[in-house]
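Subject: Structure handover

Hi,

Here is the structure I promised to pass on, with my notes on it below. Please have it open as you read.

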Amino acid sequence: MMQKKQFDAPPRRVALFVTCMVDMIYPEVGMATVELLERCGVDVIFPFEQTCCGQPAFNSGFWEEARPLARRFIDIFEPLVRSGEVDAVVAPSGSCTTMTSHFYSLLLQDEPEHRARAEFLGAATFELTEFLVDVLGVEEFGARCEGKLTYHACCHLLRELGIDRQPRALLRRVEGAERVELPGAEECCGFGGLFAIKNSEISVAMGQRKVQNIVKSGADVVALCDVSCMTHINGLLSRQGHRCRAVHIAQVLASQIEVTPSPPQEQESRPSSAPPRRWQDVGR
């Protein structure tokens with residue numbers, strides 16, 4: 001595990017690594033992230049030059065195509081940290097944080113200068129909940145969420161970064177929520193980026209099991225730390241007519257969600273008159 005940057009004093013300025021999906025599809029997650037950091041007294045800058053970190057190409061085996069993106073990412077963010085203009089880089093994604101802080105050194109292993117810069121930058125790059133809890137020492141945001149709240153542990157966050165305690169600590173401080181445990185919370189939801197495209201039947205089957213466990217938990221909201229998993233889970237929940245929704249943890253902590261709890265004895269199921277849209281949904 002990479003040795004993370006240690007701070008003699010609380011960080012006062014960070015650069016937001018917003019990630020592609022947040023930037024293009026879920027800007028509200030990026031805005032919630034900024035709000036949380038600013039509430040902690042941290043100034044946030046947004047380097048407009050940032051682009052994809054190269055993870056899709058890297059995970060697909062196209063390392064030659066991923067390297068220019070990695071070098072560009074380093075050229076944008078590393079000087080900010082090196083010069084002291086920012087104290088750290090923060091991202092609302094365990095997946096993209098893993099790519100930039102762990103896999104760049106592998107991707108650039110034959111380029112000593114870029115690898116050294118990547119390792120320096122990686123030590124100062126933090127996933128949002130890790131930064132809030134471990135660096136800033138903040139677990140309470142006065143968040144409120146009515147209804148039943150559960151947590152799904154995204155794969156890169158849990159397995160590559162070893163982050164699990166931090167998001168759970170933050171969610172424990174959400175007022176008004178009845179916290180329920182998600183069976184198989186640590187199991188993959190089946191998304192996995194291009195895995196969901198190349199192995200769609202396996203991906204859907206894994207997602208179906210995740211949805212079944214969510215329904216079994218009785219949760220109104222599933223909090224998680226990656227919008228990619230959020231997209232996959234919400235697609236399955238929506239197609240099957242379930243009212244529960246997956247929400248990024250930043251929005252939960254910023255009290256940006258509204259939940260209408262299920263009425264007593266409500267059964268979550270697809271209306272019997274509606275035929276299944278996909279063969280994967282038959283009998284679900």
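Which helices each supply at least two residues of the lining of the largest pocket? They are H1 (20–24), H3 (55–59), H5, H8 (155–160), H10 (195–198) and H12 (227–239). Before the rest, some ground rules: this is a predicted model, where local features need pLDDT of at least 70 and side-chain atom pairs count only at pLDDT 80 or more, while totals for chains, interfaces and linings use all residues. Residues are numbered from 1 along each chain as its sequence is written, and side-chain values use heavy atoms, leaving out hydrogens and water. Helices are DSSP runs (H or I, at least four residues), numbered from the N terminus.

**The pocket**

The largest pocket holds about 620 Å³ of space. A pocket here is an open set of points on a 1 Å grid over the protein atoms alone, where a 1.4 Å probe fits, with protein on both sides within 12 Å along at least five of seven lines; lining residues have an atom within 4 Å of a point. The volume is the space filled by probe spheres set on the points. Of the 31 lining residues, Gln55, Ser95, Phe191, Gly193 and Ser228 are the closest to the centre. By class, the lining has 18 nonpolar, 11 polar and two charged residues (Ala, Val, Leu, Ile, Met, Phe, Trp, Tyr, Cys and Pro count as nonpolar, Asp, Glu, Lys and Arg as charged, the others, Gly among them, as polar).

**Helix packing**

H5 (residues 94–107) also packs against H4 (residues 63–82), at an angle of about 125° and with axes 11 Å apart (axes are lines fitted to C-alpha atoms over the stretch in contact, and angles run from 0 to 180 degrees between N-to-C directions). That angle makes H4 oblique to H5 (under 35 degrees is roughly parallel, over 145 roughly antiparallel, 65 to 115 roughly perpendicular, the rest oblique).

H2 (residues 27–39) and H7 (residues 128–135) pack at about 10°, with their axes 11 Å apart, so H2 is roughly parallel to H7. Thr33, Leu36 and Leu37 of H2 meet Leu128, Phe131 and Leu132 of H7 (contact means heavy atoms within 4.5 Å). This contact has five nonpolar, one polar and no charged residues.

H7 also crosses H9 (residues 165–172) at roughly 75°, the axes coming within 8 Å, which means that H7 is roughly perpendicular to H9. The H7 side includes Glu130 and Asp134, and the H9 side includes Arg165. Here the classes are four nonpolar, two polar and three charged residues.

Best wishes
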